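Please read them with the structure open.

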Amino acid sequence: GEATEMLSEERIGEDRSGEVSSGALWEQLGDLGSGGNGLKICYAGYLGRCSECDANGSCLCGQYRNGMSDLVAMDRQEWGEGVLVCPNVEPALIALYLAAAIISLVALPRLVIALQAQRKISRRTGTLHLPLLVVSSMLIGGVSIIGFSLAKLTHPEGAAGIHLLPSLLLAVRGAASCIAHETHLLYMLNVALSSQEASLGKQRVEDAARRQLRKCCIKATVFSLIETIPLIEWACISTGAATSRQAQMAFAVTFCACQAIRIGTAGVLIRIETRYLLLSFAKSIEAAKASYAIAAGGVSVVASEHARLSRGATAERGPASAPAPAPPPYMQPLLRELERLEAAYENVKKNCRSVSNGLVLGCLLWFLGGVAIPPLWSKLSYIIAINMLGYTIGMRGFAAVYRPAKRRPQVNIPAPRPPGIVQQV
């Protein structure tokens, strides 16, 4: 009886040791299922599921599919492993990259025209011209998108974060986008501040402009460094320090989390700064109206003319109306300043909501696709392609803002004869 009990305990121990060794094997492989017959073990885990694989467990990708996903490569044959899953549907990615390249090519001539116009202004003023930096950054971003799309279309096996060229182009595009957006916001703030110099004083305006410049430089630098994470990942992989799947997933999750934080922070800051910007523009418009009222000889004239301009009275007065006399030359600068401020106010007010909505969608896209939902970590190529497509749409908006405006006919403003003191000035 004692011998029988000892034999039973030994068998139970062998069974338990067998269970432990089998569990360790599954844990080491990282697989939770089997998609093949016999000894063929296909990957089935939180990164996806392979339905068919070879005898070595490497997933067999069907036609128009591959495993070269960005940041986290599912095709790991380069490091002596197999293909885990095949998440990339090549026709879908080709369509996204082709659309991004075509839109960029359409927007590039407009950006070149805007660049030439801003270069002329910069040479004429001889000072740091922020719109020139904005347009130059957008142009660099557009060229990098075309290069990235062509690289993906001609070499689908190239992956950002894994190979040099797509990693470099992705980092350049991201840094150019950050610099362009921050410089554009700084320029709009400076426009609003410069018009308040008479009421706030030159020193206060210059101090505020320097504070805004420091903030812009800090944000652009930090955000640009975040965009270089795929390039850092490539450098680590090339030295053999990040060839494991776990290391690449750490880089990918870090990049996506930083992108979500960056875009979310930018959305909050844009809302705060836009409120300040609109308030600043409103004060500047009131100051410009007051100056124009003094020059025109009364507030009632300005109010009536402002109402006429807002209704488009120039085109709707009818054939019986006689043309109003042109304002004197000394009033033209005041009128142009008022029109410029009102146009900037409406532009900021109109674009604030669309930009904020776009940033919210971008933040959710990076957070859900790259952080919160692990099955999407193998599909980051789609998120990058969609992000680039959205950038190309924003390029057209920047080109429209900074391209040379069409010459408008001189606005005729009925104005009484100004006082003698205004004539002397």
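Is Tyr-46 buried, partly exposed or exposed? Tyr-46 counts as partly exposed, because its relative accessibility is 41%, where buried means under 20% relative accessible area, exposed over 50% and partly exposed in between, with a 1.4 Å probe and protein chains only.

1. Basis of the note. This is a predicted model, in which local features need pLDDT of at least 70 and side-chain atom pairs count only at pLDDT 80 or more, whereas totals for chains, interfaces and linings use all residues. Residues are numbered from 1 along each chain as its sequence is written, and side-chain values use heavy atoms, with hydrogens and water left out.

2. Aromatic pairs. A search of the whole structure gives three aromatic pairs, a pair being rings of Phe, Tyr and Trp (its six-membered ring) whose centres lie within 6.5 Å, with planes under 30 degrees apart counted as stacked, over 60 as edge-to-face and the rest as tilted. One of them joins Tyr-46 and Trp-377, whose ring centres are 6.4 Å apart and whose planes stand at 80°, so this pair is edge-to-face. Tyr-46 sits in the loop between strand S1 (44-45) and strand S2 (48-49), and Trp-377 in the loop between H11 and H12, so the pair ties together parts that are 331 residues apart in sequence. Helices (H or I, at least four residues) and strands (E, at least two) are DSSP runs, numbered from the N terminus. Trp-377 counts as buried, because its relative accessibility is 15%.

3. A second ring pair. Phe-255 and Trp-366 have ring centres 5.6 Å apart and planes at 85°, so this pair too is edge-to-face. Phe-255 belongs to helix H8 and Trp-366 to helix H11, so that distant parts of the chain, 111 residues apart, are linked. Phe-255 is buried at 1% relative accessibility, and Trp-366 is buried with a relative accessible area of 2%.

4. The nonpolar cores. A nonpolar core is a set of buried Ala, Val, Leu, Ile, Met, Phe, Trp, Tyr and Cys residues joined through side-chain atoms within 4.5 Å. The largest has 68 residues, of which Leu-111, Met-138, Phe-148, Trp-366 and Met-395 touch the most other members. Among the helices that each supply at least two residues of this core are helix H2 (90-125), helix H3 (130-154), helix H8 (245-296) and helix H12 (380-402), and H12 gives the largest share, eleven residues. A second, separate core of eleven residues includes Leu-185, Leu-189, Val-191 and Ile-285.

5. Leu-111 in detail. With neighbours within four places in sequence left aside, Leu-111 is in contact (heavy atoms within 4.5 Å) with Val-135, Met-138, Leu-139, Met-395 and Ala-399.

6. Salt bridges. The count comes to five salt bridges, each defined as a side-chain nitrogen of Lys or Arg within 4 Å of a carboxyl oxygen of Asp or Glu. Lys-152 and Asp-70 form one of them, at 2.7 Å from N to O; Lys-152 is in helix H3 and Asp-70 in the loop between strand S3 (65-66) and strand S4 (88-89), 82 residues apart. Both Lys-152 and Asp-70 are buried.

7. Two further bridges. In the bridge between Arg-76 and Glu-81, the closest N and O atoms are 3.1 Å apart; Arg-76 counts as buried at 0% relative accessibility, whereas Glu-81 is partly exposed, with a relative accessible area of 39%. Arg-210 and Asp-207 meet at 2.3 Å, N to O, and both lie in helix H6, three residues apart, about one turn of the helix.

8. Backbone points to inspect. Most residues other than glycine have a negative phi. Tyr-64, which is not a glycine, has a positive phi of about 65° and is placed in the loop between S2 and S3. Leu-71 also has a positive phi, near 70°, and is placed in the loop between S3 and S4, where Leu-71 is buried with a relative accessible area of 1%.

9. A surface patch. Val-360, Leu-364, Phe-367, Leu-368, Ile-373 and Leu-376 form a nonpolar patch on the surface, with about 470 Å² of accessible area together. Patches are made of residues with over 30% relative accessible area and no salt bridge, like charges being joined within 9 Å and nonpolar side chains (Val, Leu, Ile, Met, Phe, Trp, Tyr) within 5 Å; accessible areas come from the Shrake-Rupley method with a 1.4 Å probe, and for residues only the protein chains shown count as cover. Phe-367, which lies in helix H11 (residues 332-372), is partly exposed, with a relative accessible area of 39%.
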